[in-house]
Amino acid sequence: MNEALRKKYIPMTETTYYTLLAVIKPRHGYAIMQYVAALTQDRLLLGTGTLYTMVGRLTADGVVEVRYEDGKKAYCLTQIGMELLGEETKRLGQQLADGMKILSGGV
């Protein structure tokens, strides 16, 4: 993977992380907003401006690709996007494990 992309996206913003989770399978914009809201129990609500600016950047960087399904523009994760998402998930898991260790009286 391109080191410049890694530096740009790792660590990821929460909105980017959840958007990438949403487009593991192709989804159009409104479906992405609904999916993220449902997944986070409405803790994270994406506005249209935020979403479309972000997917435009993600598409330009090759992290997400545009597909057309049933006449609608849908967004889907690319292989590079999947690698970034996997790396960020691993990083977050390690961060959580470290926090749990410390909070439970560990090192």
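1. Leaving aside its neighbours within four places in sequence, T16 is in contact (heavy atoms within 4.5 Å) with Y9, M54, R57 and L58. T16 belongs to helix 2, where helices (H or I, at least four residues) and strands (E, at least two) are DSSP runs numbered from the N terminus. With a relative accessibility of 3%, T16 counts as buried; the classes are buried for under 20% relative accessible area, exposed for over 50%, and partly exposed in between, with a 1.4 Å probe and protein chains only.

2. On the basis of these values: this is a predicted model, in which local features need pLDDT of at least 70 and side-chain atom pairs count only at pLDDT 80 or more, whereas totals for chains, interfaces and linings use all residues. Residues are numbered from 1 along each chain as its sequence is written, and side-chain values use heavy atoms, with hydrogens and water left out.

3. As to the overall layout, the chain holds five helices and two strands, and from the N terminus on its elements run α-α-α-α-β-β-α. Along the principal axes, the C-alpha atoms fill a box of roughly 55 × 35 × 20 Å. Of the 107 residues in the chain, 34% are buried. Among the contacts with a separation of 6 or more, 57% are between residues 24 or more positions apart.

4. Helix 2 (residues 14–22) and helix 4 deserve a separate point. Two packed helices are described by the angle between their axes and the distance between the axes. The axes of helix 2 and helix 4 come within 11 Å and cross at roughly 75 degrees, the axes being lines fitted to C-alpha atoms, for helices over the stretch in contact, with angles that run from 0 to 180 degrees between N-to-C directions. Helix 2 and helix 4 are therefore roughly perpendicular to each other, on a scale where angles under 35 degrees count as roughly parallel, over 145 as roughly antiparallel, 65 to 115 as roughly perpendicular and the rest as oblique.

5. On the residues of that crossing, helix 2 contributes T15, T16, T19 and L20, which meet L51, M54, V55, R57 and L58 of helix 4. By class, this contact of helix 2 with helix 4 has five nonpolar, three polar and one charged residues; here Ala, Val, Leu, Ile, Met, Phe, Trp, Tyr, Cys and Pro count as nonpolar, Asp, Glu, Lys and Arg as charged, and the others, Gly among them, as polar. The buried residues of helix 2 are T16, Y17, Y18, T19, L20 and A22, and they pack against helix 1, helix 3, helix 4, strand 1, strand 2 and helix 5.

6. Not counting residues up to four places away in sequence, I32 touches T19, A22, V23, R27, L46, L51 and Y75.

7. Within helix 3, the buried residues are G29, A31, I32, M33, V36 and A37, and what covers them includes helix 2, helix 4 and strand 2. Just after helix 3, Q41 takes a positive phi of about 55 degrees.

8. The count of salt bridges (a side-chain nitrogen of Lys or Arg within 4 Å of a carboxyl oxygen of Asp or Glu) comes to six. One of them joins E3 to R6, with the closest N and O atoms 2.9 Å apart; because E3 and R6 are three residues apart in helix 1 (residues 3–9), about one helical turn separates them. E3 is partly exposed at 41% relative accessibility, and R6 is partly exposed with a relative accessible area of 24%.

9. R6 also meets E87 in a salt bridge (3.0 Å, N to O). This pair links distant parts of the chain, with R6 in helix 1 and E87 in helix 5 (residues 79–103), 81 residues apart. E87 is partly exposed, its relative accessible area being 27%.

10. D61 lies in the loop between helix 4 (48–60) and strand 1 (64–69) and K8 in helix 1, so the pair ties together parts that are 53 residues apart in sequence. D61 counts as partly exposed at 22% relative accessibility, and K8 counts as partly exposed at 45%.
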